[in-house]
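Trainee: Please pick one part of this model and walk me through it slowly. I'd like to see how it links up with its surroundings.

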Amino acid sequence: MDKKLAISFSENVPGCYSHVELECLYDLTWSLPDSATIVEIGVEYGRSTSIYLQIAREKALRVHLIDSWMQDTSRTAFAHFTQMVQDHFLGVPFTLHSRA
C-alpha cells in the first residue's frame with residue numbers, strides 16, 4: 001500500500017486530522033498485526049475511518065465503527081460517509097453501530 005496515496009485520499013475527506021496526524025494514524029494502523037481489531041467511536045465524515053478501511057484491505061483488519069450522528073442534524077456527515085463507503089470501500093468488511 002502506498003502511504004502517500006492513502007493519506008492523500010484521506011485528506012480529501014472532511015475532518016479534523018491534519019496531514020501529520022494522518023501520517024501518524026497510518027503508521028500506527030499499519031503496525032498492527034494482521035486481523036487486529038479497531039474500534040472507532042465518532043466517525044463523523046470518515047477521515048480517520050478512511051485510513052482504517054484502506055489498510056483493512058491489505059491486513060484483514062476487523063473494523064468496528066460507532067456513531068449516532070445525533071449532532072449531524074443536516075445529515076451531511078452521514079451522507080458523505082455512506083457515499084465514501086459506496087464509492088471506495090465496497091467489499092471491505094466492517095461493522096457499523098449507529099442510530100442514524
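Let's start with the sheet: which residue in β3 stands opposite His64?

Mentor: It's Thr95: His64 stands opposite Thr95 in β3. Before we go on, bear in mind that this is a predicted model, where local features need pLDDT of at least 70, side-chain atom pairs count only at pLDDT 80 or more, and totals for chains, interfaces and linings use all residues. Residues are numbered from 1 along each chain as its sequence is written, and side-chain values use heavy atoms, with hydrogens and water left out.

Now zoom out to the sheet. Three strands make up an open sheet in the order β1-β2-β3, and their pairing is parallel. Strands here are DSSP runs of E with at least two residues, helices are runs of H or I with at least four, and both are numbered from the N terminus. Two strands pair if DSSP finds at least two bridges between them. β1 and β3 (95-97) are the edge strands, each pairing on one side only. From one strand to the next, the twist averages 15 degrees, using lines fitted to C-alpha atoms (for helices, over the stretch in contact) and N-to-C directions, on a scale from 0 to 180 degrees.

Take the joins one by one. Strand β2 covers residues 62-66, and it pairs with β3 in the parallel sense over three bridges. β1 and β2 also run parallel, joined by five bridges.

Look at how β1 divides up: Ile38 and Glu40 are on its covered face, while Thr37, Val39 and Ile41 are on the uncovered one. Ile41 counts as exposed because its relative accessibility is 69%; buried would be under 20%, exposed is over 50%, and partly exposed falls in between (1.4 Å probe, protein chains only).

What does Ile41 do out there? Together with Val39 and Ile66, Ile41 forms a nonpolar surface patch of about 290 Å² of accessible area. To be in a patch, a residue needs over 30% relative accessible area and no salt bridge; nonpolar side chains (Val, Leu, Ile, Met, Phe, Trp, Tyr) are joined within 5 Å and like charges within 9 Å. The areas come from the Shrake-Rupley method with a 1.4 Å probe, and for residues only the protein chains shown count as cover.

The loop between β1 and α3 holds Glu44. Its phi is near 50 degrees, a positive value in a residue other than glycine, and Glu44 is partly exposed because its relative accessibility is 41%. Ala60, in the loop between α3 and β2, also has a positive phi without being glycine, near 55 degrees. With a relative accessible area of 48%, Ala60 is partly exposed.

Side chains of opposite charge can pair when their charged atoms come close. Asp34 and Lys59 meet in a salt bridge at 3.8 Å, N to O; the rule asks for a side-chain nitrogen of Lys or Arg within 4 Å of a carboxyl oxygen of Asp or Glu. Asp34 sits in the loop between α2 and β1 and Lys59 in helix α3 (residues 47-59), so the pair ties together parts 25 residues apart in sequence. Asp34 is exposed, at 54% relative accessible area, whereas Lys59 is buried at 10%.

By this rule the count comes to two salt bridges. Lys3 and Asp27 form a salt bridge too, with their closest N and O atoms 2.8 Å apart. Since Asp27 lies in helix α2 (residues 19-30) and Lys3 in helix α1 (residues 3-11), this pair ties together parts 24 residues apart in sequence. Asp27 is partly exposed at 39%, and Lys3 is partly exposed at 29%.

One last stop is Gln54, back in helix α3. Gln54 is buried, at 8% relative accessibility, and its side chain makes a 3.2 Å polar contact with the side chain of Ser10. That term means N or O atoms within 3.5 Å; within protein, one must be able to donate a hydrogen and the other to accept it, and residues adjacent in sequence count only if both atoms are side-chain atoms.
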